[in-house]
Structures are given as structure tokens and as C-alpha cells.
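Hello,

Here is the structure I promised to hand over. Please load it, then read the notes below.

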Amino acid sequence: MTDILLEMRGITKTFPGVKALENVNLQVKAGEIHALMGENGAGKSTLMKVLSGVYPHGSYEGDILFKGNACEFKDIRNSEELGIVIIHQELALIPQLSVAENIFLGNEQASRGIINWNETVVKTRELLKTVGLSESPNIHAGTLGVGKQQLVEIAKALSKEVKLLILDEPTAALNEEDSENLLNLMLAFKEQGLTSIIISHKLNEIMKVADSITILRDGKTIETLNVREDQITEDRIIKGMVGRDLTHRYPERETNIGDILFEVKNWNVYHPQQSERKVIDEVSFHINRGEIVGIAGLMGAGRTELAMSIFGQSYGKKISGQLFKDGKETKLPDISKAIDEGIAYVTEDRKEYGLILMDDIKRNTTLANLNGISKWFVVDDYKEINEAEGFRKKLNIKTPSIHQKTGNLSGGNQQKVVLSKWIFTGPDLLILDEPTRGIDVGAKYEIYTIINQLAAQGKGILMISSELPELLGMCDRIYVMSEGRFTGEVPRAKANQETLMKFMTKSRR
Ligand SMILES: Nc1ncnc2c1ncn2[C@@H]1O[C@H](COP(=O)(O)OP(=O)(O)OP(=O)(O)O)[C@@H](O)[C@H]1O
Ligand SMILES: [Mg+2]
């Protein structure tokens, strides 16, 4: 099975001020699962957009050969005609349309201009079955969770007679179970002869599914590793990506725990629309100065809802309970009050709540703390540039300049701007919701170092994460949530995956 299905040769792609790809080569064998790996901004998504015609022929240099034939795609339709289907980093289903409509959008099952709905529904049902979904073809895509939406995207790809399936960070927003399902599905498709390319920052996933890995760094091909034959280890992959050995995934830290910084007592929150539904049930907890506290829980356990309801009541209705800051009771009825009290919340959904994509890095960084760069209510441009420049260096944000629109940054680098923005508010309590989602291993280490520094300065950190190793590697104490309640509290010394999982799956019944 040494047939080469796809070959990309000498691909160079530039954006104003950025050489995103420089002479990149990629060879994908027929029937394999090929992983693309590399640091944030290495060029992975760009390479796949070149391949799928998002960036048309003429806008890049180099050659694409599919089944040995040279291809000059003008748009996505061109590449799809050959069976090259890409599922992008940002999900693209239209929430108001039904699952069936989404799947056949632009590929309507019609004869003589009339859409055949029966056929559409029947075919959709079959496709959903293939990806393991039993939902009705008629429900709105927006009512499905991200895991299921991802599967619908795959069903949509299958509807196009796919020969090469490209998945750009498909599991970034999925929980363990949904990720596992998706990876198993990829393996099942491989059995049936489908070739796929997967981009992911999760090493364990790549180890599970990939036959080979091509590593990009700074827009260049570094190497292609043969995972199975050469028995490649995770450390070996990291070395290729980062360019050096990374012996520890979590920086060392000396803990110095002070007084109670923030306390939440008997916190109850009801759903904003369904007024009878209690989302957070009698939750009480505290964070000390100098302490990093984690919250573990499965998707839907209420972790984000809890954080947002505390952060200026940005989630929920009928909220009751007490909040204490440095021993004094406080009320946080809106976000600006929360910021004034020294609380910052780094959202898990950077597109929706975190960034103004049309605006540049500089403005996004200072947005939540204009006081920090103003004198007599006038923004001091020089100071703004200085601060933003400082964060660019500290967090290693990959961009030619802080005047770049955040919408043009790679996924992981957008996340770093969101972090900068909230750190710049100089918070006493920093709430981090999935802070390293979509971030590469090297940059994760940088972010952990910054979190540790904040703790060392006597700040408190509340960290929500679905990656248990991350909580275990970083936190002094971990609370566990299930179905809106706290089901356990585990100190660092006693914390391990099994204990956490036990509390995470503890149900009322
Ligand atoms: N439309 C654009 N305009 C300007 N620069 C861009 C644009 N798209 C990408 N870039 C730049 O090209 C480089 C490669 O970006 P790309 O999105 O391919 O990275 P990536 O490897 O997918 O990273 P991540 O892991 O963070 O998703 C980055 O420096 C990015 O800022
Ligand atoms: Mg990307």
C-alpha cells in the first residue's frame, strides 16, 4: 500500500507581512491517517486551505497532485468534485437549519429544479446512522451539542463521496467520550479504505489514530515520521514540533498559600429561559491567595455556567447566594462591577465572547482595561502599543505586528490574545475556562508559567479544564462538579484521574 494519493510540492503562501508557508512538501499515502502537527501559527490550517481551494490556484506557489494528476482548484467546489473534503477548525453548520438541510446545503437532492425532500430525509438518516447518530434529520442543527454537530459535519462530508477527509482540530471542543467516538469512527473509515488528514494538538489522539505525521514549524516542513514502523514516542513528536526536548510538561512551582481571597456560599442559579430548571445547586467553595484551584467535570456539569454566573451574573436568572472578597461580602451584579472588584474571566469560547475579530491585537489586549492606558479619559496610544507589545513578547504571540487583525491570527494565537486581555486588567482572581484549548505543547508551557507567576504574586486562580492531566499538573486543590453540584474536593496529594472520574460521574440517582 505505497500508493501516494496526495502530494503537495513546494507550497509557498504569503499574506501581507507573513510568510505562512515556505516550500512545504506533503505526501499522503492512500488508505492512511496522516497527522499534521506543529506549533500555533506553524501553517497547518493554511496548508489545508490551499489544498481544498479556499485559497485558489494562483494565490500560492507550488503544485498539488491528486492521484498523480496536477490540480488547479479555483474554489472549494473544485476540490470537492474530486472527493477532497475539509472540515474546518470553526464549525460551519447553520443552527437554524435542520440537520438534513445542512447536510445537503449546496448539494440539494433535486430533479428538474425541485428538491426531493423524501430522498433528502432518507439519505440523511442513512448518513447519520453511519456516524452513529440516531437523531431525527428534521431537528435544528443548533439544538445539538458540539460533539454531535461535529458528527453531522462528517456525515455531510460523506454525502459528497469523499476520497480524502481533512479534519482540522476536530476534537478541540469535544469531551473525552465524544472525542473517543470520533477517533474510532476515523479508524472504522480507514478500514473501509478512506484516507484522512487530521490536525490536532492532542498527542494521545495522534498516537491512537495516525500512521504517519508531518511536522511543520514556522511554515516549513520539518519531517515526516512513520508512527507505526519507527515506534515513535510522544516525546519524539514534541521534539520535532518545538525543536528541542521538553522534559517537563508542567513548570515547577513553589506554593505559598495565603488567606482566603474569594469565597462563594450557597450559590444557586436557574436557567435563563427555563425558569424552573436549576443549573447550579447549593455550591460553596473558596480560593486562597497564591492558590491554583481547579474545577473538573464532564460537559454539561455546569462549570462554565458557575463561572459566568459569578462573573457579573453574565449567565443565569434567579441567582441566590453570597460572595466574599477578602472576607467582606460583595455583590457583582454586572461585569464592570466584577472587573472593578479585581475579577477576570477568560472565556472558553473566544469567538463568541473573547475577541473582536475585526479589531487589531493592540485594541483587543487593552479593551477590558482602558483605564490602564488612558490619562484623563484619553487613550495614550504610545502606552497602548507598549503594553500590547509586552504581551506579544511574553506570550510569544506569533504575528508580524500588534496592528494585525485578531481574525487573521491562527486559533492558538487568538487564545493568547484573550489571555493577555484579562491578565492586563490586573485581576486578583483570574478565572480560566479551558485556557489551553487549541494551544500547542510549547505554548501551553508558557501559559502555565504565567499562571504560576500570577499565583506567586498572591493572586488566586480558578481553572476549569476538561483535560484532567492539566488539572493534576497545575492545581493545589480540585473541586469536582456533576449535574450542577459539587460532588468532591480533592487536594493535590490525593488527586489522580480515577478519583476525579469517580466524582465526575456521580449522579443524583
Ligand atoms: N488571512 C490571513 N491573513 C494574514 N495572516 C494569516 C491569515 N491566515 C493565517 N495567517 C497567518 O499565517 C500563519 C499560519 O497560520 P495557520 O492558521 O495556518 O496556523 P496553524 O498551524 O493552523 O495554527 P493553530 O494551531 O494555532 O491553529 C500565522 O502566522 C497566521 O497569523
Ligand atoms: Mg489552525
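**What was found**

Helix α9 is followed by Gly312, whose phi is positive, near 65°. Helices (H or I, at least four residues) and strands (E, at least two) are DSSP runs, numbered from the N terminus.

Some ground rules. This is a predicted model, so local features need pLDDT of at least 70 and side-chain atom pairs count only at pLDDT 80 or more, while totals for chains, interfaces and linings use all residues. Residues are numbered from 1 along each chain as its sequence is written, chains are lettered from A and ligands numbered from 1 in the order in which they are written, and side-chain values use heavy atoms, with hydrogens and water left out.

**Enclosed elements**

Back to α9, residues 303-310. Seven of its eight residues are buried, so the helix is largely enclosed by the rest of the structure. Buried means under 20% relative accessible area, exposed over 50%, and partly exposed in between (1.4 Å probe, protein chains only). The buried residues of α9 are Arg303, Thr304, Leu306, Ala307, Met308, Ser309 and Ile310.

Strand β21 (residues 429-433) is also largely enclosed, because five of its five residues are buried. Leu429, Ile431 and Asp433 point one way from β21. Leu430 and Leu432 point the other way.

**The six-stranded sheet**

Where does β21 sit? It belongs to an open sheet of six strands, in the order β18-β21-β22-β15-β23-β24, with mixed pairing. Two strands pair if DSSP finds at least two bridges between them. The edge strands are β18 and β24 (485-491), and each pairs on one side only. Neighbouring strands are turned by 20° against each other on average, direction ignored. For all such angles, axes are lines fitted to C-alpha atoms, for helices over the stretch in contact, and angles run from 0 to 180 degrees between N-to-C directions.

Now the pairings:

- β18 (residues 343-346) and β21 pair in the parallel sense over four bridges. Val346 has Leu432 as its bridge partner in β21.
- β21 and β22 (residues 460-464) are parallel too, with five bridges. Leu432 stands opposite Met463 in β22.
- β15 (residues 292-297) and β23 (residues 477-482) run parallel, joined by five bridges. Gly294 has Ile478 as its bridge partner in β23.

Helix α14 packs on this sheet and touches β18 and β21, and its direction makes about 175° with that of β18. Contact means heavy atoms within 4.5 Å. Helix α17 (residues 497-504) lies across β15, β23 and β24, and runs at about 30° to β23.

**Helix pairs**

Two packed helices are described by the angle between their axes and the distance between the axes.

How do the axes of α14 (residues 411-423) and α15 (residues 441-456) cross? They come within 12 Å and cross at roughly 10°. That makes α14 roughly parallel to α15. Angles under 35 degrees count as roughly parallel, over 145 as roughly antiparallel, 65 to 115 as roughly perpendicular, and the rest as oblique. From α14, Lys416, Leu419 and Ile423 meet Ala443, Glu446, Ile447, Ile450 and Leu454 of α15. By class, that contact has six nonpolar, no polar and two charged residues. Here Ala, Val, Leu, Ile, Met, Phe, Trp, Tyr, Cys and Pro count as nonpolar, Asp, Glu, Lys and Arg as charged, and the others, Gly among them, as polar.

The axes of α4 (residues 117-130) and α5 (residues 146-158) come within 9 Å and cross at roughly 120°. That makes α4 oblique to α5. Their crossing is right-handed. A crossing is left-handed if the near helix is turned anticlockwise from the far one by less than a right angle, and right-handed if clockwise. Leu127, Leu128 and Thr130 of α4 make the contact with Val152, Ala155 and Leu158 of α5. The residues divide into five nonpolar, one polar and no charged.

**The four-stranded sheet**

A further open sheet has four strands in the order β14-β13-β16-β17, with antiparallel pairing. β14 (278-288) and β17 (328-330) stand at the edges, each with a single partner strand, so one side of each is left without a neighbour in the sheet. The twist averages 15° from one strand to the next. Six bridges join β13 (residues 260-270) to β16 (residues 317-325). Asn268 has Ser320 as its bridge partner in β16.

**Glu39**

Glu39 lies in the loop between β3 (33-37) and α1 (44-52). At 22% relative accessibility, Glu39 counts as partly exposed. Glu39 and Gly442 are 403 residues apart in sequence, yet 7.3 Å apart in space, C-alpha to C-alpha. Not counting residues up to four places away in sequence, Glu39 touches Lys44, His201, Leu216, Arg217, Met241, Val242 and Asp440.

Best wishes
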